[in-house]
Amino acid sequence: MMGNKKPTIVWFQAITCNGNTHSLLSANDNRMKLFLNSFDLIYHPSLTTDITLEEILKTNKKIDFLLVEGAITSNERFYSLSNQSIHKLFNKLVKKTNYLIAVGSCASYGGLHARFEQNEDIRGIQDSLDSENLYILKHPIVNLTGCPVHPEWIFQTLFSLKEYGKMQLDDEGRPKELYYDLAHHGCTRNEYFEWKVEAHSFGEKEGCLFYSQGCRGPMTHSSCNRILWNEVNTKTRVGMPCIGCTEFDFPRDNMFETKKNIGIPDEVPLAVPKRAYLSLTGIAKTFKIDRLNKKLID
């Protein structure tokens, strides 16, 4: 547990589209106020003007939380500060840091940039740490995967670490309290999923998006359908398939297509044996639930 002094936060941007910053700015007003009253955001390249990164690096003061948005590279064609590469700046900041948090999928494992730049030098923060920095942190790296990450996940992580000094992480370094469930849990279309009643196009208010629209909700660790975006909505509620942006295989090819063999999905929901899933699917398809089909048609 930290003392009464506000913990300091430095938000470092690497190779990024700024999507996670925009997500942060869409947070609930009261939660944002509580965040700003509880932490000292001493540096964000878009939100603060009082101090520069050069000045932070020159001081002897520790940074409580270093939040990194974007992938890391030592490639000089990307921007640098004071003739220093992103990789070098990042590792200098880590030396002054107690807690290191990857904000978004690019910071967690390279994400979109690593995939489409096709450059092995673009990586997440775990793979970008200099060897001497591996053991100086007070806590294992926290990966907040998502493209972008939900603002409430950022707040919950910071408040949990501020209060308790530690969090339980899953095998991918994600907080279990935020990523234990699947996006499928809490989805308002679950009854359609159970009875295999399919939506046929994006934007439909009824029907399941898994069987033909590529929805990854049953395979994606995320609390999107429990902690709603803007407190009112999620992709699946408006007829958009979950694209699995919190998983380490994102982005995938053909994201809006369900790959099948002889009409059977290649991948079945997590923790469900494929044979059992196929049996249940076969049974469900023998039933015609007039109420659900009527709602889909209407």
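How many aromatic pairs does the structure hold? The structure holds 11 aromatic pairs, where rings of Phe, Tyr and Trp (its six-membered ring) pair if their centres lie within 6.5 Å, and planes under 30 degrees apart count as stacked, over 60 as edge-to-face and the rest as tilted. The model is predicted, with local features needing pLDDT of at least 70 and side-chain atom pairs counting only at pLDDT 80 or more, while totals for chains, interfaces and linings use all residues. Residues are numbered from 1 along each chain as its sequence is written, and side-chain values use heavy atoms, with hydrogens and water left out.

Ring pairs join Phe35, Phe39, Phe65, Tyr99, Phe155 and Phe159 in a cluster. Within the pair of Phe39 and Phe159, the ring centres are 5.2 Å apart and the planes stand at 70°, so the pair is edge-to-face. Phe39 is in the loop between α2 (29-38) and β2 (40-43) and Phe159 is in helix α7 (residues 151-164), so the pair ties together parts 120 residues apart in sequence. Helices (H or I, at least four residues) and strands (E, at least two) are DSSP runs, numbered from the N terminus. Phe39 counts as buried at 2% relative accessibility; buried means under 20% relative accessible area, exposed over 50%, and partly exposed in between (1.4 Å probe, protein chains only).

Helix α7 also holds Thr157, which is buried at 0% relative accessibility.

The 5 strands form an open sheet with parallel pairing, in the order β2-β1-β3-β4-β5; two strands pair if DSSP finds at least two bridges between them. Strand β1 (residues 8-13) pairs with β2 over 3 bridges, and Val10 has Tyr43 in β2 as its bridge partner.
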